[in-house]
Amino acid sequence: MARSTKADKARQLNAAHHLLQRGIRLPEAVRRLSREFDLSGRQAYRYLEQATHLDRPVEVSEVAVPITLKLPAGTARLLRAYARSSGLTIGAIVTRALAAFLSTLRRHG
């Protein structure tokens, strides 16, 4: 059996959170989660336990693929400094920046 991806785990955690938000009692929530995601009762219980600590659903991210970029040294220094101060990864920063840039291109032609 293949290991769950981060996206799979996020979806399972969100499903557990949704069940708890709807007031489904724990034994029934374990059964539903187990059935929906083909999990053992123990795995389902762990997701439900983790979900009790969530204020809102977690973000389900796409599968990431590695790419190589060449940046000017000054830009790389700024990027690394921002990553350290923000607590974000360089990949997260670049992904957000590119998504914002590409969305402006779609709006303007």
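The radius of gyration of the protein chain is 19 Å, whereas a compact globule of 109 residues would have one near 13 Å. That radius is taken over C-alpha atoms, and the globule rule is 2.2 Å times the number of residues to the power 0.38. Along the principal axes, the C-alpha atoms fill a box of roughly 55 × 30 × 30 Å.

Please note that this is a predicted model, in which local features need pLDDT of at least 70, side-chain atom pairs count only at pLDDT 80 or more, and totals for chains, interfaces and linings use all residues. Residues are numbered from 1 along each chain as its sequence is written, and side-chain values use heavy atoms, with hydrogens and water left out.

I turn to the fold. The protein chain holds five helices and zero strands, in the order α-α-α-α-α along the sequence. Helices (H or I, at least four residues) and strands (E, at least two) are DSSP runs, numbered from the N terminus.

How much of the chain is buried? Of the 109 residues, 21% are buried; buried means under 20% relative accessible area, exposed over 50%, and partly exposed in between, with a 1.4 Å probe and protein chains only.

Among contacts (heavy atoms within 4.5 Å) between residues at least 6 apart in sequence, 46% join residues at least 24 apart.

Finally, one residue deserves mention. Asp-38 lies in the loop between helix H2 (26-37) and helix H3 (41-51). Asp-38 is not a glycine, yet its phi is positive, at about 55°. Asp-38 counts as exposed because its relative accessibility is 59%.
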